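Good morning, colleagues. Please take a moment with the sequence and the model before I go through the packing of its helices and strands.

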Amino acid sequence: MFSGFTEETVDFMWGIRFNNERTWFEAHKETYLNHFYRPMQALGGEMYDFIRDKRPDYNLISKVTRIYRDARRLHGRGPYKESLWFSVEEPSEQWTAKPTFWFELMPERWTYGMGYYLPKALTMAKLRARLDRDPKTMEALTRALDRQEEFALLTEAYKRPKGPAPSPPLEPWYQAKSFTICHEEKLTEDLFSRAIVDRLKRGYEFLLPYYDYFVTLDGEPDPRERPDT
């Protein structure tokens with residue numbers, strides 16, 4: 001059971017930022033395991049159980065990222081990440097193209113939410129087709145998002161507009177190349193106790209209808225293919 005991160009968690013994150021090399025990491029590996037990785041694993045496990053109980057028909061898994069960077073993609077950086085995150089998602093070879101719940105802890109801030117790391121262009125085309133066909137469902141979800149203060153919609157828009165959206169509230173969705181619905185803030189006291197568990201549960205429960213909406217997009221017909229007439 002998750003009982004909270006600790007000051008040692010924060011010290012380790014800052015330490016790896018400024019000492020990103022194997023000797024320092026090996027000397028502090030027990031701190032990493034006991035105060036960072038295992039608490040993150042416990043928190044992710046509780047959130048997985050919570051979401052799975054809410055949506056038992058979904059084939060969900062929980063993952064905690066590795067602290068080791070891909071050696072092929074260091075690009076001058078050290079071999080270790082300075083943050084960890086867990087995700088709850090459907091298993092997939094191309095997991096970045098699936099909607100995902102996540103929580104990430106960094107040296108100076110934390111974030112959580114739901115969205116895509118890298119949706120396929122076809123997925124976003126299916127979204128636009130659904131918005132054209134049924135604008136009211138997403139309009140209602142957008143109004144609910146606008147009424148609350150925990151989450152914000154962040155989108156990366158296509159350089160070339162994808163045409164007019166069915167209504168002004170749907171414009172950000174219609175032009176999105178990718179998106180997240182997320183919350184971000186500086187390190188807060190609730191991270192160091194079980195208070196963060198209740199907060200994440202409330203947040204993920206709010207986000208579940210959005211996940212329901214997006215997780216079904218892959219099953220939609222390809223909008224580029226016209227039905228036989």
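This is a predicted model: local features need pLDDT of at least 70, side-chain atom pairs count only at pLDDT 80 or more; totals for chains, interfaces and linings use all residues.

**The sheet and its helices**

Residues are numbered from 1 along each chain as its sequence is written, and side-chain values use heavy atoms, with hydrogens and water left out. Helices (H or I, at least four residues) and strands (E, at least two) are DSSP runs, numbered from the N terminus.

Strand E2, residues 84–89, and strand E3, residues 100–105, run antiparallel and are joined by 6 bridges. Two strands pair if DSSP finds at least two bridges between them. What is the order of the strands in the open sheet? The 6 strands follow E1-E2-E3-E4-E6-E5, with antiparallel pairing. At the edges are E1 (61–64) and E5 (152–157), each of which pairs on one side only. On average, neighbouring strands are turned by 20 degrees against each other, direction ignored.

Two helices pack on these strands. H3 lies across E1, E2 and E3 and runs at about 20 degrees to E2. H7, residues 195–215, touches E2, E3, E4 (109–115) and E6 (176–186), and its direction makes about 30 degrees with that of E4. Contact here means heavy atoms within 4.5 Å; axes are lines fitted to C-alpha atoms, for helices over the stretch in contact, and angles run from 0 to 180 degrees between N-to-C directions.

H3 and H7 also meet each other: their axes come within 10 Å and cross at roughly 35 degrees. This crossing is right-handed, a crossing being right-handed if the near helix is turned clockwise from the far one by less than a right angle, and left-handed if anticlockwise. Among the residues in contact are Leu43 and Phe50 of H3 and Leu200 and Tyr204 of H7. By class, the contact has 9 nonpolar, no polar and 4 charged residues. Nonpolar covers Ala, Val, Leu, Ile, Met, Phe, Trp, Tyr, Cys and Pro; charged covers Asp, Glu, Lys and Arg; the others, Gly among them, are polar.

Finally, the axes of H1 (residues 7–18) and H3 (residues 29–54) come within 8 Å and cross at roughly 125 degrees. H1 is therefore oblique to H3, as angles under 35 degrees count as roughly parallel, over 145 as roughly antiparallel, 65 to 115 as roughly perpendicular and the rest as oblique.
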